[in-house]
Amino acid sequence: ALVISMPTVGGLLLCCFVMHLARIAWVRRKKAILTRIRQEREDRIRVIEAAMALTTLSYPAAFVSLHTLKRMQSLPKHETLRDSHQLHILDNYGEFLEWKAGTHTVFLSHQWLGFREPDPNGEHLAPAGE
């Protein structure tokens with residue numbers, strides 16, 4: 001006959017409980033490691049994207065010479081300047097850096113003041129040419 005004493009049963013239960021706690025701790029640790037790896041990967045992607053943003057033009061850069069701007073009677077549409085070859089367009093960051101090295105630039109942004117013309121009364125053009 002097999003005799004199992006109470007201390008043996010208690011010891012087995014304690015052993016099972018300790019193993020259960022160890023398994024829970026292992027699963028939590030594994031999840032924490034996977035979460036950290038996933039976060040590090042996302043952080044690396046963000047850093048790479050930020051670095052690329054410093055050296056990539058999201059949109060082409062368009063420039064008009066100050067001489068051309070001062071000769072204008074009104075502020076034309078972008079398409080008009082482009083089609084008349086008065087707009088200098090740079091498509092990539094390397095071109096931009098090369099061009100900018102020998103050129104002084106000023107950034108000008110304006111709100112369209114008319115439905116069909118960007119500046120029907122010359123309100124933006126006069127200050128821009130000064």
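Predicted model: local features only at pLDDT ≥ 70, side-chain atom pairs only at ≥ 80, totals over all residues.

Mentor: A residue counts as exposed when its relative accessible area is over 50% and as buried when that area is under 20%, with partly exposed in between.

Start with Asp83. Its relative accessibility is 53%, which is why Asp83 counts as exposed. Asp83 forms a salt bridge with Arg82, and the closest N and O atoms of that pair are 3.2 Å apart. Arg82 has a relative accessible area of 39%, so Arg82 is partly exposed. This is one of 3 salt bridges that the structure holds.

Glu40 pairs with Arg36, with 3.4 Å between the closest N and O atoms. Glu40 is partly exposed because its relative accessible area is 35%, and Arg36 falls in the partly exposed class because its value is 45%. Asp43 pairs with Arg46, and here the closest N and O atoms are 2.4 Å apart. Both Asp43 and Arg46 lie in helix H1, 3 residues apart, or about one turn of the helix. Asp43 has 32% relative accessibility and so counts as partly exposed; Arg46, at 46%, is therefore partly exposed as well.

In general, side chains of opposite charge can pair when their charged atoms come close. Asp119 shows the other case: Asp119 is buried yet has no salt bridge, and the nearest side chain of opposite charge, that of Lys77, is 14 Å away. A salt bridge requires a nitrogen–oxygen distance within 4 Å.

What does Asp119 touch instead? Beyond its neighbours within four places in sequence, Asp119 is in contact with Leu75, Leu113, His124 and Leu125. Asp119 sits in the loop between H4 and H5, and His124 belongs to the loop between helix H4 (93–101) and helix H5 (125–129). His124 has 26% relative accessibility, so His124 counts as partly exposed. Leaving out residues up to four places away in sequence, His124 touches Leu75, His110, Gln111, Leu113 and Asp119.

In soluble globular proteins, nonpolar side chains tend to be buried together. Ala128 touches Leu69, and also Leu108, when residues up to four places away in sequence are not counted.

The aromatic side chains remain. The structure holds 3 aromatic pairs. In one of them, Phe63 and Phe96 are stacked, at 6.1 Å centre to centre and 20 degrees between the planes. Because Phe63 is in strand S1 (residues 61–63) and Phe96 in helix H4, this pair ties together parts 33 residues apart in sequence. Phe63 counts as buried because its relative accessibility is 16%, and Phe96, at 18%, is therefore buried too. Ring pairs link Phe63, Tyr93, Phe96 and Trp99 into a cluster.

Methods: Residues numbered from 1 in each chain as written. Heavy atoms only, no water. Helix = DSSP H or I, 4+ residues; strand = E, 2+ residues; numbered from the N terminus. Buried < 20%, exposed > 50% of the residue type's maximum accessible area, 1.4 Å probe, protein only. Contact = heavy atoms within 4.5 Å. Lys, Arg positive; Asp, Glu negative; His and termini not counted. Phe/Tyr/Trp six-rings, centres within 6.5 Å; stacked < 30°, edge-to-face > 60°.
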